[in-house]
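Could you walk me through this model in the viewer, stop by stop? I would like to know what to select next and what is there.

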Amino acid sequence: MGLAVDLGVGRGATSLRRAEKAGRRFLNPVPTSVGDWSTIFKVLPLYLNTKEEKVPRRRLGPFVTDVSVYGVAPASGLRVTWMGHSTMLVEIDGVRVLIDPVWDERASPMRWVGPKRFFAAPLRLGELPEIDVVLVSHDHYDHLGESTIRELARLESMRGAAWVTSLGVGEILRRFGVRREQITELDWTESVGVAGGALEITAVPARHFSGRGMFNRFETLWSSFVLKGKGHNVYYGADSGWWEGFAEIGAVYGPFDLTMLEIGAFNELWASIHLGPDGAARVFEAMGGNGVMMPIHWGLFDLALHGWRQPIERFMEVAGERGIKVWSPEPGLPTEVVRGVEVRSDWWVEK
């Protein structure tokens with residue numbers, strides 16, 4: 001969990017503005033406690049004594065993407081292929097955006113230990129269609145995979161891709177082989193036009209943290225993003241805890257056709273930095289409740305104390321209670337987003 005840090009002191013709880021820093025560390029939009037060493041001692045006995053099915057007992061998949069689908073543009077103008085967790089290929093109004101690519105076997109700094117994938121990636125990196133933009137929200141291992149970035153940077157099909165990320169993360173991308181001239185770093189509320197102006201990407205505040213080690217936390221920025229095309233508007237929430245600014249994001253940048261919000265890796269001990277199923281439903285409603293909601297950040301890695309199915313099971317319950325339109329396809333299946341039309345896959349149900 002790291003050392004306890006109270007972030008965002010003195011900042012407006014609902015104001016959208018550029019990120020501020022205290023010394024080398026970025027501040028959250030509202031005061032946020034990100035655990036301390038005592039949290040580890042609280043979590044350890046829970047982890048050792050849990051009876052939850054934290055890792056699937058049965059083999060999942062294989063999920064296989066039919067790459068020929070990418071040869072035909074989506075009729076709706078918006079199509080998403082969910083690769084698991086928070087990795088997605090978004091085709092929006094003629095622009096292909098690869099979000100938080102992690103093909104790595106583990107979400108970990110080490111290849112031999114750490115959270116391991118529940119299922120293989122639905123397609124190989126070399127099978128990806130030509131990508132216009134790679135979007136990296138922050139530097140955590142389950143959102144930025146080193147071996148994935150290194151391989152992408154070597155692919156000839158990626159030579160023309162733009163890389164968009166949060167402040168400070170560009171140095172990590174450069175270290176992994178991405179050319180400096182390809183990278184654009186954004187502060188909160190900053191925007192960049194990509195693909196000849198066909199898509200505008202805006203970074204907006206999130207309540208989370210960063211760091212690929214115990215001693216460099218908060219030194220790069222973390223963000224959520226708005227993807228605004230010629231005909232569609234998408235919100236990618238990345239990782240965030242609840243804060244009042246979600247309503248303002250919806251008012252300023254919405255309405256959204258598709259809202260992607262995290263539901264997994266949740267526990268009350270770190271509720272300030274992750275939403276969980278109930279929190280995601282609350283955020284969706286606060287942002288206007290328009291379009292459909294896609295639950296992300298679940299189903300691929302064991303990153304918390306809950307059972308691996310628990311986030312989606314609980315979210316489906318909450319969505320039913322609140323009348324939320326759910327958009328949740330199976331991994332690897334290119335699926336069009338049609339306004340008002342739900343997609344509910346049951347790939348995760350034990351049969």
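Start by selecting Thr259. Leaving aside neighbours within four places in sequence, Thr259 is in contact with Tyr235, Phe284, Met287, Val292, Met293 and Met294, contact meaning heavy atoms within 4.5 Å. Thr259 is found in strand 15 (residues 258-262); helices (H or I, at least four residues) and strands (E, at least two) are DSSP runs, numbered from the N terminus. With a relative accessible area of 2%, Thr259 is buried. Buried means under 20% relative accessible area, exposed over 50% and partly exposed in between, with a 1.4 Å probe and protein chains only.

A word on what you are looking at: this is a predicted model, where local features need pLDDT of at least 70 and side-chain atom pairs count only at pLDDT 80 or more, while totals for chains, interfaces and linings use all residues. Residues are numbered from 1 along each chain as its sequence is written, and side-chain values use heavy atoms, with hydrogens and water left out.

Next, select Glu130. Is Glu130 buried or exposed? Its relative accessible area is 56%, so Glu130 counts as exposed. Glu130 lies in the loop between strand 7 and strand 8. Leaving aside neighbours within four places in sequence, its contacts are Arg96 and Ser157. Show the C-alpha atoms of Glu130 and Arg96 too: they are 7.7 Å apart in space, for residues 34 apart in sequence.

Now for the rings. How many aromatic pairs does a search of the whole structure find? The search finds 14. Rings of Phe, Tyr and Trp (its six-membered ring) pair if their centres lie within 6.5 Å; planes under 30 degrees apart count as stacked, over 60 as edge-to-face and the rest as tilted. Select Phe119 and Trp347, an edge-to-face pair at 5.9 Å centre to centre with 80° between the planes. Phe119 lies in the loop between strand 7 (95-99) and strand 8 (133-136) and Trp347 in the segment after strand 19 (343-344), so this pair ties together parts that are 228 residues apart in sequence. Both Phe119 and Trp347 are buried. Then try Phe209 and Phe218: their ring centres are 6.2 Å apart and their planes are at 55°, so this pair is tilted. Phe209 is buried at 11% relative accessibility, and Phe218 is buried at 2%. To see a cluster linked by ring pairs, select Phe63, Trp82, Phe118, Phe119, Trp298, Trp308 and Trp347.

Stay with the rings for two charges. Arg282 lies over the face of Trp242, 3.7 Å from the ring centre, and the charged end of Lys21 sits over the ring of Phe26, 4.6 Å from its centre. A charge sits over a ring if NZ of Lys or CZ of Arg is within 6 Å of the ring centre and within 35 degrees of the ring normal.

The structure holds 3 cavities of 30 Å³ or more. On a 1 Å grid over the protein atoms alone, a cavity is a set of points where a 1.4 Å probe fits but cannot get out, and a pocket is an open set with protein on both sides within 12 Å along at least five of seven lines; lining residues have an atom within 4 Å of a point. Grid points are joined across faces, edges and corners, and a volume is the space filled by probe spheres set on the points. Which residues lie nearest the centre of the largest cavity? Of its 16 lining residues, they are Ala265, Gly299, Phe301, Leu303 and His306. The largest cavity holds about 110 Å³ of space.

Keep Ala265 selected. Phi of Ala265 is near 60°, a positive value in a residue other than glycine. Ala265 is found in the loop between strand 15 and helix 5 (276-286), and is buried at 9% relative accessible area.

For a last stop, select Gly61 and Pro62, which are joined by a cis peptide bond with omega of about 5°. The peptide bond from Gly254 to Pro255 is also cis, with omega near -5°.
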